[in-house]
Amino acid sequence: TCLLLQLEDITGRKTAEQRLTRSALHDSLTDLPNRAMLLDRTGRALARLARRPNDGLMAMLFCDLDGFKAVNDTHGHAAGDELLVEVARRLSQVMRPTDTVARLGGDEFVVLCENLPTTAEATRIAVRVEQAISRPVPWRGQPLTVTASVGIAYGSATVSAQELVRNADTAMYQAKTLGKNRHEVFDEDLRARSTSRVRVENDLRTALRTANVEVHYQPIVELPTRRVTGVEALARLRLPDGTLAMPAEFIPVAEDTGLIVELGAHVLRSACQQLAAWREHAPDLHLAVNLSARQAARADLCDVVQAALADAGLPAHALALELTESVLLESARSTLGKLGELRESGVQIGIDDFGTGYASLRYLRDLPVTFLKVDRSFVAGMTHNHHDAVIVQTVTRLAFDLGLGCIVEGVETEAQLGRILDTGAHAQGYLFGRPVPATDFERQMSWATP
Ligand code: C2E
Ligand code: CA
Ligand code: CA
């Protein structure tokens, strides 16, 4: 009996210890292995691969849910948690018992497979994963639906566990970029591109720290007079080598890393200061600033905007915020509430690139917007494509009939101008002026000439 008691004591202690280790190595919501345990198992698998390369391939699948945030926003966190638990269960079901299914946090899952005969097998697994995740999950009578973007990376003798996770993550990111609900494989090409992403991100951080974000200004004119009534602030990044990076290069990275919040606030603040100085000469001049989804979603949006206006001594109606259709449509109710509040205070709210997203007419009635910006792709086609011309005409009419302002973007030629001259819309484009630094903009303005 004594021995038995001792044994019981030991097992009792053991389970407590096991429980402790378990919580350090498992995700508490889904009970799947967590990042620490995944890295440990990956390290061991890589060692086995190095010892016995003929046993087959080792693949890591990085899975990120598409549309998870929308589920959380629409149905609440309880629904989000339920969905994650179900995804964990399904992933465990479709994998072999020898595979590792881990949750890295949020809506990120990783599957580790060893001894695969071919790369085609890894692709088949990715498809199984996508199918398992995209089946709707029942929740209080309403099905919750998400899809998965999957990145595949293969283990090798030269890669570490951490690198392998990073490579699979990079491939997953590529799958997202290429339209989500799909899988991509990490290869040399992606490696090259991901290092350039890292460089842009580093440049961006440095630029923000050293105030190397510059703001250029492009005129917005009234028609048919061509009088400048406003300016759009457009961000530029001064790189360490002195060259200027354009938004297409750095805005996606900034959005992805969250740096856009800081960048956007910087652009807003400095453009407001600049406008205040210009309004000494042109008291009616107004300012348009682009707002990204991340900025719009933040709880302090109204405070940030009001503070920028107050610090510059500007009235609210001097400022317009431009958001794209997709930002507006994907916004949570709380975001729309904040935009509504800003509009009530006098700030103009506009839909940028109008016509390229999927806004329906009903949204024009429901969203807190005061003006539309017709996308420049329609303007570009206007003089040789009848449909484009009709679209521009119709959208400007629609805007006015709904009591909204309208700006036609990307006007480059007199011929294009001719087509919109009598629509009553405002216009913006290279024909009237390119985006330029503040000092150049001043020189172009009549009040600056003696
Ligand atoms: P956007 O808001 O649609 O800005 C207008 C873009 O069209 C600018 O490009 C401008 O240079 C270009 N553009 C203006 N007129 C013409 C024209 O006649 N022809 C042609 N082909 N293009 C014209 P840019 O400066 O490269 O900015 C690109 C986009 O980057 C912007 O598109 C905006 O979505 C984003 N962006 C720029 N600055 C910021 C910022 O501070 N914050 C955020 N969130 N986004 C920004
Ligand atoms: Ca814009
Ligand atoms: Ca635009």
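This is a predicted model: local features need pLDDT of at least 70, side-chain atom pairs count only at pLDDT 80 or more; totals for chains, interfaces and linings use all residues.
I take contact to mean heavy atoms within 4.5 Å. Side-chain values use heavy atoms, without hydrogens and water.

Entry on Thr229. Leaving aside neighbours within four places in sequence, I find Thr229 in contact with Ile220, Val221, Glu222, Asp284, Leu285, His286 and His426. Thr229 has a relative accessible area of 10% and is therefore buried (under 20%, with exposed over 50% and partly exposed in between; 1.4 Å probe, protein chains only).

Entry on helix α11. I noted Leu301, Cys302, Val305, Ala308, Leu309 and Ala312 as the buried residues of α11. They lie on the same side of α11, because their arc (from the directions of the helix axis to the C-beta atoms) is only 135 degrees. On the other side, I find Asp303, Ala310 and Asp311 exposed. The cover over the buried residues includes α9 (259–278), α10 (293–297), β12 (319–324) and α13 (333–344).

Entry on the calcium ion (ligand 3). I list as its protein donors (N, O and S atoms within 2.8 Å of a metal, or 3.2 Å for Na, K and Ca; water is not among the atoms, so sites may look incomplete) Asp352 (OD), Asp353 (OD), Glu409 (OE) and Glu409 (OE), at 2.1 to 2.4 Å. Asp352 also coordinates the calcium ion (ligand 2), 4.2 Å from ligand 3.

How values were computed
Residues are numbered from 1 along each chain as its sequence is written. Chains are lettered from A and ligands numbered from 1 in the order in which they are written. Helices (H or I, at least four residues) and strands (E, at least two) are DSSP runs, numbered from the N terminus.
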